[in-house]
Amino acid sequence: RDKAGFVRCAIAANATDAAAADGDGGGALRFVEVDSKTILSGKQNNQFAGRPLMIHQFAHHLAERHVARTWRKHTRLVPRPPVHCLAIASVNFRMPQFLVDPRVDLA
């Protein structure tokens, strides 16, 4: 079975600021793309594109990392930022399809 694909993940960089300014978290969010090569090992990065569960776990990891870094700067509870991933894969040389819905917050 041959599987080829790619994944791009983006995290809301200003989720804390938007929630504080708006009160209900409905402010405008600015998403920043995250390079998975800087976080995952080489083997993990190769397997990453074809495994939806791994993509979901990576999104949770990104959100937790953001909360841990932001928690040190703020004394109040920090909300989990939204994480969206664009994951497209082709199995057995078929047309590429979405592995996860890019509109859904995976965090």
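Tutor: Below we go through the fold, the confidence, the disulfide, a pocket and a loop.

Student: Where does this model come from, and what is the mean pLDDT of the chain?
Tutor: This is a predicted model. The mean pLDDT of the chain is 81, and 81% of its residues reach 70 or more.

Student: Which element has the lowest mean pLDDT, and which the highest?
Tutor: Helix 1, residues 15-22, has the lowest mean pLDDT of the chain's elements, at 50. Strand 4, residues 97-98, has the highest, at 92. For residues 18-23, the pLDDT is below 50, and this stretch has 9 contacts in the model beyond near neighbours in sequence.

Student: OK, the fold then. How many helices and strands are there?
Tutor: The chain has 3 helices and 4 strands. Reading from the N terminus, the elements go β-α-β-α-α-β-β.

Student: And how much of the chain counts as buried?
Tutor: Of its 107 residues, 35% count as buried. As for contacts with a separation of 6 or more, 52% of them are between residues 24 or more positions apart.

Student: Changing topic: how many disulfides does the structure hold?
Tutor: There is 1 disulfide in the structure. The two partners are Cys 9 and Cys 85, with an S to S distance of 2.3 Å.

Student: Where in the chain are those two?
Tutor: Cys 9 is in strand 1 (residues 3-12) and Cys 85 is in strand 3 (residues 83-91). The pair links distant parts of the chain, 76 residues apart.

Student: Is the disulfide right-handed or left-handed, and why?
Tutor: The torsion about the S-S bond of Cys 9 and Cys 85 is about 105°, so the disulfide is right-handed.

Student: Are the cysteines buried or exposed?
Tutor: Cys 9 counts as buried because its relative accessibility is 3%, under the 20% cut-off. Cys 85 also counts as buried, at 1% relative accessibility.

Student: What classes of residue does the lining have?
Tutor: The lining of the second largest pocket has 6 nonpolar, 4 polar and 4 charged residues.

Student: Last topic, backbone angles. What is phi of Asn 92?
Tutor: Phi of Asn 92 is near 55°, which is a positive value in a residue other than glycine. Asn 92 is in the loop between strand 3 and strand 4.

Student: And what about phi of Phe 93?
Tutor: Phi of Phe 93 is near 65°, again a positive value in a residue other than glycine. Phe 93 is likewise in the loop between strand 3 and strand 4.

Student: Great, thanks!

Definitions and conventions:
Residues numbered from 1 in each chain as written. Predicted model: local features only at pLDDT ≥ 70, side-chain atom pairs only at ≥ 80, totals over all residues. Heavy atoms only, no water. Disulfide = S-S within 2.5 Å. Buried < 20%, exposed > 50% of the residue type's maximum accessible area, 1.4 Å probe, protein only. pLDDT = per-residue confidence, 0-100. Contact = heavy atoms within 4.5 Å. Nonpolar A, V, L, I, M, F, W, Y, C, P; charged D, E, K, R; others polar.
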